[in-house]
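Please keep the sequence and the structure in view while reading.

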Amino acid sequence: MATDTKTTLLNSAERAARRRGFDGFSYADLAADVGITKASIHHHFASKAALAVALMQRYYSDLETACGEIDLDHATGAARLSALIKRYRGALEGGQSLCLCVSFSTSTENLSADTIAEMNRFRTMMTEWLARVFSLGQGDGTILHVADPAAEAAATLPLLEGAQLAARVAQDPQRFEAAVQILSKRLVQ
C-alpha cells in the first residue's frame, strides 16, 4: 500500500527529529528527503510548529497503542515494565537516536505552547500507564519494593528518558543499561 505524502512527511520529520532534534532539521531537509518542494510541505503543515504538534499527536497514539499491546501480550507487572524498557532501548538505535518526546525536550525554548501541551499530555498518559504497571507488579509480586505505584511511575519515566539522553550523548547504549539496571534488578521474571 502506498504511503500518502502527509504520512511520508511525518515519517521523515520524525526520523530527523529523533536523530537531530527539533532544531536540527528544516523544511528544506524534509523536501530533499521526500522529493517535493518546500511549498508542498506548507500545504500539509503550515508551519514547523504545526508539524511538531502533528508529530506529538501521532507519537501519543503510537505509544498508547504500544502500551495496550504490551498489556495484552504480558500478564505480569514485571513483564510489562520489561517490555517498555526494551522499547526505550530499541529507540536508541545503538546510541544514534532518541524517542521523539525526549528529543523534543532538548529544544523546549523553540517549541510552541501547543507542542509542549502535547508533550505533557503524552507524559501524563505514560505515567498513568506506568502507575498501573507498578500497581500490578506490587499485587502480583513481580516488581520488588513497590511502596507507591504513582511515585514509582513518576520517577521511572524520567529515568528512561534520562537514560536515553546519557546513551545518546555518549553514543554508547551501555549508558542506558547502566541507568536502568537498578530498576531491572527489581523485576521478578
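In helix 7, the residues Arg-123, Met-126, Thr-127, Leu-130, Ala-131, Phe-134, Ser-135 and Gln-138 meet a set of partners in helix 8, namely Pro-149, Ala-150, Glu-152, Ala-153, Ala-154, Thr-156, Leu-157 and Glu-161. By class, the residues of this contact between helix 7 and helix 8 divide into nine nonpolar, four polar and three charged. The model is a predicted one. The points below treat the packing of helices, then individual residues, and finally the cysteines.

**Helix 7 and helix 8**

- Helix 7 covers residues 113-140, and its axis comes within 8 Å of the axis of helix 8, the two crossing at roughly 125°.
- Because of this angle, helix 7 is oblique to helix 8.
- The crossing in which helix 7 passes helix 8 is right-handed.

**Helix 4 and helix 5**

- Helix 4 spans residues 48-73 and helix 5 spans residues 77-91; their axes are 9 Å apart and the helices pack at an angle of about 140°.
- Helix 4 passes helix 5 in a crossing that is right-handed.
- On the side of helix 4, the contact is made by Leu-63, Ala-66, Ile-70 and Asp-71, while helix 5 contributes Arg-80, Ala-83, Leu-84 and Arg-87.
- Sorted by class, the contact of helix 4 with helix 5 holds five nonpolar residues, three charged residues and no polar ones.

**Gln-164 in helix 8**

- Gln-164 belongs to helix 8, which runs over residues 149-170.
- Gln-164 counts as buried because its relative accessibility is 0%, and the cut-off for buried is under 20%.
- Apart from residues up to four places away in sequence, Gln-164 touches Tyr-88, Ala-91, Leu-92, Leu-98, Cys-99, Val-102 and Phe-176.

**Glu-14 in helix 1**

- Glu-14 is placed in helix 1, formed by residues 5-20.
- With a relative accessible area of 13%, Glu-14 is buried.
- Residues up to four places away in sequence aside, Glu-14 touches Leu-55, Arg-58, Tyr-59 and Leu-100.

**Val-34 in helix 2**

- Val-34 lies in helix 2, which consists of residues 27-34.
- The relative accessibility of Val-34 is 22%, so this residue counts as partly exposed.
- When neighbours within four places in sequence are left aside, Val-34 is in contact with Thr-8, Leu-9 and Ser-12.
- Val-34 and Arg-186 are separated by 152 residues in sequence and by 45 Å in space, taken from C-alpha to C-alpha.

**Cysteines**

- A disulfide is a covalent bond that joins the sulfur atoms of two cysteines.
- How many disulfides does the model contain? The count comes to zero, under a rule that requires the two sulfur atoms to be within 2.5 Å.
- For Cys-67, the closest cysteine sulfur is in Cys-99, and the distance of 11 Å is too far for a bond.
- Cys-99 is likewise in no disulfide, as the nearest cysteine sulfur, that of Cys-101, is 8.6 Å away.
- Cys-67 is buried, having a relative accessible area of 2%.
- Cys-99 is also buried, with a relative accessible area of 6%, and this cysteine is among the residues that Gln-164 touches.

Note on methods: Residues numbered from 1 in each chain as written. Predicted model: local features only at pLDDT ≥ 70, side-chain atom pairs only at ≥ 80, totals over all residues. Heavy atoms only, no water. Helix = DSSP H or I, 4+ residues; strand = E, 2+ residues; numbered from the N terminus. Buried < 20%, exposed > 50% of the residue type's maximum accessible area, 1.4 Å probe, protein only. Contact = heavy atoms within 4.5 Å. Axes fitted to C-alpha atoms, helices over the stretch in contact; angles between N-to-C directions. Parallel < 35°, antiparallel > 145°, perpendicular 65-115°, else oblique. Left-handed = near helix turned anticlockwise from the far one by under 90°. Nonpolar A, V, L, I, M, F, W, Y, C, P; charged D, E, K, R; others polar.
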